[in-house]
Amino acid sequence: MKMGLTGRVLIITGAASGVGAAITRMAVTEAARALVLVDRCAAGLDRIATALHGAADCAAVRVDLADRTTPPLVAKAAIARFPRIGGLLHAAGLTTRGLALNGAQDVWDQLFDVSARAGCF
């Protein structure tokens, strides 16, 4: 599947594992020029950056997107390194569970912060 990423600079959240790591590898095969890899797991970021073997210029940004102050920090770091950003692939997510009937408000807030709000850089 061609996504038209050739030559683009992309921010990829959740890049250290799962869907985010798969998107990162696909972006490299699509000839993305540079990647800003975002995740809260430093070891996972190191692993995916090492696996790319210099196939794209990469910057790793380790933040917890559940913290509402971090998305602007990601945007600033990305623009400082690559002045023109060509796209955001927001794959960060949590596996925290809660039921609608008795779920704690802080759990819902955290899920929404990462799944929806964090992509609004």
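Residues are numbered from 1 along each chain as its sequence is written, and side-chain values use heavy atoms, with hydrogens and water left out. As the model is a prediction, local features need pLDDT of at least 70 and side-chain atom pairs count only at pLDDT 80 or more, while totals for chains, interfaces and linings use all residues.

Let's begin with the sheet. It is open and has 4 strands in the order β3-β2-β1-β4, paired in parallel. Helices (H or I, at least four residues) and strands (E, at least two) are DSSP runs numbered from the N terminus, and two strands pair if DSSP finds at least two bridges between them. The edges belong to β3 and β4; each has a single partner strand, so one side of each is left without a neighbour in the sheet. On average, neighbouring strands are turned by 15° against each other, direction ignored. For such angles, axes are lines fitted to C-alpha atoms (for helices, over the stretch in contact), and angles run from 0 to 180 degrees between N-to-C directions.

Now follow β1, residues 9–13. This strand runs parallel to β2, to which 5 bridges join it, and Thr13 stands opposite Val38 of β2. β1 also runs parallel to β4, with 4 bridges between them; here Leu10 has Gly87 as its bridge partner. How many of the residues of β1 are buried? The count is 5 of the 5, so β1 is largely enclosed by the rest of the structure. Buried means under 20% relative accessible area, exposed means over 50%, and partly exposed lies in between (1.4 Å probe, protein chains only). Both faces of the strand are covered, with Val9, Ile11 and Thr13 buried on one side and Leu10 and Ile12 buried on the other.

The helices come next. Together with β1 and β2, helix α1 (residues 18–29) makes a right-handed β-α-β unit. Right-handed here means that, with the strands pointing away from the viewer, the path from the first strand over the helix to the second runs clockwise. α1 lies across β1, β2 and β4, at about 165° to β1. Helix α2 (residues 42–52) packs on the sheet too, where it touches β2 and β3 and makes about 160° with the direction of β2. For a view from inside α1, pick Thr24. Thr24 is buried, at 0% relative accessibility, and its contacts (heavy atoms within 4.5 Å) include Ile12, Leu35, Ile48 and Leu52, leaving aside neighbours within four places in sequence.

What lies in the interior? In soluble globular proteins, nonpolar side chains tend to be buried together. A nonpolar core is a set of buried Ala, Val, Leu, Ile, Met, Phe, Trp, Tyr and Cys residues joined through side-chain atoms within 4.5 Å. The largest one here has 19 residues, and Val36, Val38, Leu65 and Val74 have the most contacts inside it. Two or more residues come from each of β1, β2, β3, α3 and α4. A second, separate core has 14 residues, including Ala15, Ala27, Leu37 and Leu52.

Leu94, in the loop between β4 (87–90) and α4 (105–115), is buried with a relative accessible area of 17%. Not counting residues up to four places away in sequence, Leu94 touches Arg40, Gln110, Leu111 and Val114. Lys2, in the segment before β1, is exposed at 75%.

Finally, the cysteines. A disulfide is a covalent bond between the sulfur atoms of two cysteines. Counting a disulfide as a pair of cysteine sulfur atoms within 2.5 Å, a search of the whole structure finds 0. For Cys58, the closest cysteine sulfur is that of Cys41, 16 Å away and too far for a bond. Cys58 is partly exposed, at 22% relative accessibility, while Cys120 is exposed, with a relative accessible area of 62%.
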